[in-house]
Amino acid sequence: MATKKIGELLVESGLISQDQLEDALRAGSAEAKKTRLGSILVKKGYTTELDIAQTLSYQLNIPFVDVSSSVVDPEAVKLVSEKLAQRHLVIPLYIDRKVIRIAMADPLNLAAIDDIRFATGLEVEPAAATLSDVTAAIGRHYHINEPIENLMGDMERDELVEVVREAGPGLRDISEQVKKSSAPPIIKMVDSIIIHGAQSRASDVHIEPHEKGVKLRIRVDGIMKEAMQFPKWVQGPVVSRIKIMAEMDIAERRVSQDGRIKVRLGGKNLDIRVSTLPTQYGEKVVMRLLDPASATLDMDTVGLLPESRKAILDMIDRPQGVVLVTGPTGSGKTSMLYAMLRRIKSPEINIITIEDPIEYELKDVNQVAINEKTGLTFSYTLRSVLRQDPDVIMVGEMRDAETATIALQASLTGHLVFSTLHTNDAIASIIRLKNMGIPQYMVASSLNGIVAQRLVRVICGQCKMQYSPTQDELARAGIKLDDGKKLYRGAGCKQCAGTGYSGRTGVFEILTVTNKLKGMVAADAPQGELDTAATDSGMVTLQQDGVKKVLAGVTSLEELTRVIYLGKADEGKTGVCPVCHNDVAVETGACPHCGHFISKECPACGRMRQPGWVVCPYCTARF
């Protein structure tokens, strides 16, 4: 079938008649300049470009490609010269091992396939495409003259993004690769994306491929929001540019990759962690923006209340033991660990950290990045670190029982150990360690304390306003307030982009492991008893800390409810005393901490009481 002409196939498929084909051939021979048969058929109205391409796809059993919404790999474009593409009306799409995929307006053109095979040294897999799409793609990808400024909209910036590379082998080759494979408009587009993310205070920038386009989303203060939509054709060049900046393999698209970029925006340095993931419509890229300046957080700026700060300082000022920071991903655990290390750092002690990866550089601290591909795991590295005469060790995460056991044993031999776990609250961390198989005596004797935390958005100072919450809002958060009590929220303004929030702060649950708790852990007490003992010992819970920040106007009730959710099974079972803000059971007549009467029901008969009642008229119980 490949030896037939395109006209013969169109006739055999019934798309055009023999008379129409002969008429088109006569018109083509009559024209002074040779015109392609497909263009003449379309011009005369006998068929359409799309019908021709799809018919050829079916007859030749090759795929049809919508070039306007397909990803074109810049590396494939480099292998086929513009002159060759113009002569045969082809556009290279991508390279897969020793095969190059080519979109062709005329897949029956064997001379084109031979020329491309000779020029690239690769086997050619043709795909059918419309003539107009191929012509437009040639003009676009060989001369990226699309108005980038129009695509970027108000994201266009004049600030210079300078890639900072560490000296090392192969640096010259990388630099040459950057120059050769990068078109200035695409560089400008990627730079604008990075600048927009940095100026929007984004922690992550997501470049997400879809069937017909590419979506740019950013995460600001923990919330995702869409920033821009791009045409599909920018996907290949943009992803390749980011991969080159991160020194990743731009030819590998079938597996996920990780890389790192150091850039300078004006006088500001920025570390960018890059991760790619193959998806249905191409590679998804996530760039995590890490500002080294934000690593200067200390114990005074993370959002701790005075009593909470005092409790944490008591944990970390001890010469040995384990201090755990727990919470879900993105709750600021690493930043809290850095703040702790900065608090105790001094020339008299040797501090070594084991991280995956190193997020921020800490001055005068020995930081080790694990690499599981080379066998440099948390447990292996921790054993090596113990032979480096450390005083303080930070283990990025206790991922397995082996790492946890070594860390706890290190604390028993005179080291102060910091680490993280992924649990919901402080007591759950003790249960997690026991479930890992750590002996109860080791857990009990090694723990100094546990900090459970979340990050909540801070109300914007420019549009902060008072309001009266509804009872439903209070019930959802498990909060009871005196009548007339006002709370705060943001109205939304230009300063906060209409969100009502600007920045984030921490909400903390501080558990100091007392001798009583150590005994209960060693005796394998159930979680309920540990919770009660921790509360009795003065533990400040996440909800208590959050309510205090709501009442102080730091964050809103809605934000606290979003971050610290009470399940349906728990709603109505616990509340907060409006006077001392300690956790209380709703059915309790008086707060056990301060004596304030908070129940709306008679504690004796359970009937609803009315304001002003001193004695229940049903059972004569006194309030």
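Some ground rules come with it. Residues are numbered from 1 along each chain as its sequence is written, and side-chain values use heavy atoms, with hydrogens and water left out. Because the model is predicted, local features need pLDDT of at least 70 and side-chain atom pairs count only at pLDDT 80 or more, while totals for chains, interfaces and linings use all residues.

Helices (H or I, at least four residues) and strands (E, at least two) are DSSP runs numbered from the N terminus, and two strands pair if DSSP finds at least two bridges between them. An open sheet of 7 strands runs in the order E13-E12-E14-E15-E11-E16-E19, with mixed pairing. Its edges are strand E13 (366-369) and strand E19 (501-512), each of which pairs on one side only. Ignoring direction, neighbouring strands of this sheet are turned by 20 degrees against each other on average; axes here are lines fitted to C-alpha atoms, for helices over the stretch in contact, and angles run from 0 to 180 degrees between N-to-C directions. Strand E11 (residues 321-326) runs parallel to strand E15 (residues 416-421), and 6 bridges join the two. Glycine 321 stands opposite leucine 416 in E15. Helix H16 (residues 401-412) packs on the sheet, where it touches E11, strand E14 (392-395) and E15, its direction making about 135 degrees with that of E11. Helix H17 (residues 426-435) packs on the sheet as well, touching E11, E15, strand E16 (447-459) and E19, and its direction makes about 135 degrees with that of E16.

Elsewhere, strand E8 (residues 257-265) runs antiparallel to E9, joined by 9 bridges. Lysine 262 has aspartate 271 in E9 as its bridge partner. The E8-E9 hairpin has 2 residues between its strands, and glycine 266 in the turn has a positive phi of about 65 degrees.

On a 1 Å grid over the protein atoms alone, a pocket is an open set of points with protein on both sides within 12 Å along at least five of seven lines, a cavity is a set where a 1.4 Å probe fits but cannot get out, and lining residues have an atom within 4 Å of a point. Grid points are joined across faces, edges and corners, and a volume is the space filled by probe spheres set on the points. Of the 36 residues lining this pocket, Val71, Tyr94, Arg253, Tyr281 and Gly282 are the closest to its centre. By class, the lining has 15 nonpolar, 8 polar and 13 charged residues, with Ala, Val, Leu, Ile, Met, Phe, Trp, Tyr, Cys and Pro counted as nonpolar, Asp, Glu, Lys and Arg as charged, and the others, Gly among them, as polar.

There are also 2 cavities of 30 Å³ or more. The second largest cavity, about 30 Å³ in volume, is lined by Ile193, Ile207, Val214, Phe230, Val234, Gln235 and Val238: 6 nonpolar, 1 polar and no charged.

Definitions and conventions. Contact = heavy atoms within 4.5 Å.
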